[in-house]
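Dear colleague,

I am handing over the structure below, together with an account of what was found in it. Please keep the sequence and the 3D view open while you read.

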Amino acid sequence: MARVTIYPDNHVDSTVVSNLFIDEYMRDANDAQLKVYLYLLRMMNAHLATSVPDIADKFNHTEKDVLRALKYWERQQLLSLDYDGDKNLVGIHIHDLNAEGRTGSGSVPQMPASFVPMPAMEAAATEDSREGAVPEGLAEEPDKPQTASLYEKPSYTPDQLREFKSRQETTQLLFIAESYIGKPLTPSEIKTILYFTDVLHFSDDLIDYLLQYCVDRGKKDFKYIEKVAVNWAQEGISTPKQAQKQATRYDRNIYTIMNGLGKSNSPTAKEMEFITRWLKDYGFSMDIIIEACERTVLATDKHRFEYAESILSSWKRQNVHHKADIQGIDDLHQQRRKNASSNPPKQSGNRFNQFPQHNYDFAALEKELVSN
C-alpha cells in the first residue's frame, strides 16, 4: 500500500515549554512568577504584544506582582530586560533554555518578546542594571521572615469577627463595601476588611478609596483588593491622597494621555481634572482622546491641555462617539472652507465699502430742488 500523507486542517495552537524549565525552575517559583513566565512564552510564540497592566489584569495580580516576577526570572537568567534612555522598559528577551553553554544573558541566543513599555517599568538602562544592580521601581523586597510576617493575615476567630461587626463604625464601613461590590459580604470578605484595619492600620477613608480604586478598574475580587492593600502598606501609603498619587503612576490611560501631549511628568491636579473630564464626563474612548492629543501637539507647544480641551469639547457638542465620526466633521469643515474660497463676497470699489452703497439720480434731485 502506498504511503499516505496527512494534511492538518487547522493550525495547532500551542506553546512549547522546555523540560529544563519544568525540571529545574518550576519547583522554586511562586504562582505569580510561573504565570508571568508562561504567559510571556505564549505571547511571544503568537507574536502578540502585551504589557505589565495587561498581564496583571489577565491573572488578577497587581502590577507590582508582575514587576517582581520579571525581576525574578531575570535573576534566574531565563530572560533579560531592555531599557531605553528614559528608563522605560522597551523589550524582553526570552532565553533559549536548551542552548548549550548557557551562562547568562550575554552568551545565549535571544528571542525578543513583544512588549508595550509602560511607566510602571521604570528602570535604569545602565550596565550596572544588567550586571545585577536592581533598578529603581523594580526592586525586589528581601525575602526576610520578619518582612513577610509584618503583613501576614491572621486567622481570625468567630468571636473576633463578631466583635468587629458589632462596632458602630464598622456598620457604615461594611455598608460602603457592599455598595461597591454590589452584594452582601461573606465572612471571609469581612475578615479581609478587619485585616485592613487591624494589621495594615488603614483608616476608613483609605479603605473606602481602596474599594473604589479596585472597582473602578473592574476588580471586585477580594484577593485582588487585598494584594493592592498590601502593596500600599509596603509603600507607606496611609491616606487617600497618597494612594491617588501612587495610582496615577500605574494608570495606563493617564500615562498614554500624558505621553500623547508630550509630557513625561506625573499630572498636576489641574491636568488630572482635564483627563478625568475627557474619560468620565465626556466618556471618550482612548483613540478619540489620543487623536485630539496628536492634533494638539502639531498645533502648539504651549497650553496643550487647554487646546486639547477645546478640541474634545467641540467633538462632544457635535456628538462624536467613535473615531469614524471625526472624519465626517473634518470632511464637512473642508467642504465649507472650499465653498468659502470659491465664492468670495463681492466688494465695492469704493474705499468706504463698509457702508451700504446707494445709486442716486443726481439730475432728478437737482430738478426737484430748483422747482422748490
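Let us begin with one residue. Leu40 is buried, with a relative accessible area of 1%; buried means under 20% relative accessible area, exposed means over 50%, and partly exposed lies in between (1.4 Å probe, protein chains only). This is a predicted model, in which local features need pLDDT of at least 70 and side-chain atom pairs count only at pLDDT 80 or more, while totals for chains, interfaces and linings use all residues. Residues are numbered from 1 along each chain as its sequence is written, and side-chain values use heavy atoms, with hydrogens and water left out.

Leu40 is placed in helix 2. Helices here are DSSP runs of H or I with at least four residues, strands are runs of E with at least two, and both are numbered from the N terminus. Between the C-alpha atoms of Leu40 and Ser51, which are 11 residues apart along the chain, the separation is 9.9 Å. Helix 2 also contains Tyr39, a buried residue with a relative accessible area of 14%. The C-alpha atom of Tyr39 is separated by 9.7 Å from that of Phe59, 20 residues apart along the chain.

**Aromatic rings**

A pair of aromatic rings is described by the distance of the centres and the angle of the planes. Here, rings of Phe, Tyr and Trp (its six-membered ring) pair if their centres lie within 6.5 Å; planes under 30 degrees apart count as stacked, over 60 as edge-to-face and the rest as tilted. By this rule there are 15 aromatic pairs. One of them joins Phe21 and Tyr37, whose rings are stacked, with 4.5 Å centre to centre and 20 degrees between the planes. Phe21 belongs to helix 1 (residues 19–24) and Tyr37 to helix 2 (residues 31–45), so this pair ties together parts that are 16 residues apart in sequence. Phe21 counts as buried at 1% relative accessibility, and Tyr37 counts as buried at 3%. Tyr195 and Phe196 form a tilted pair, 6.1 Å centre to centre with 50 degrees between the planes; Tyr195 and Phe196 are both buried.

**The largest pocket**

Rolling a probe the size of a water molecule over the atoms shows where empty space is left. On a 1 Å grid over the protein atoms alone, a pocket is an open set of points with protein on both sides within 12 Å along at least five of seven lines, whereas a cavity is a set where a 1.4 Å probe fits but cannot get out; lining residues have an atom within 4 Å of a point. The largest pocket has a volume of about 1200 Å³, a volume being the space filled by probe spheres set on the points, which are joined across faces, edges and corners. Its lining has 39 residues, and those closest to its centre are Tyr213, Arg217, Ala247, Asp251 and Ile254. Among the elements that give two or more residues to the lining are helix 10 (204–216), helix 12 (240–250) and helix 13 (252–260). Helix 12 gives the most, with 8 residues. The lining has 15 nonpolar, 11 polar and 13 charged residues, where Ala, Val, Leu, Ile, Met, Phe, Trp, Tyr, Cys and Pro count as nonpolar, Asp, Glu, Lys and Arg as charged, and the others, Gly among them, as polar.

**Helix 13 and beyond**

Which residues of helix 13 are buried? They are Ile254, Ile257 and Met258. These residues cover an arc of only 100 degrees around the axis, which puts them on the same side of helix 13; the arc is that of the directions from the helix axis to the C-beta atoms. Just after helix 13, Gly262 has a positive phi of about 80 degrees.

Most residues other than glycine have a negative phi, and most peptide bonds are trans. His303, however, has a positive phi near 50 degrees. His303 sits in the loop between helix 15 (286–299) and helix 16 (304–317), and it is exposed at 61% relative accessibility. Asn60 also has a positive phi, near 60 degrees, and lies in the loop between helix 3 and helix 4.

**Cysteines**

How many disulfides does a search of the whole structure find? It finds 0, a disulfide being a pair of cysteine sulfur atoms within 2.5 Å. Cys214 is buried at a relative accessible area of 0%, and Cys293 is buried at 0% relative accessibility.

With kind regards
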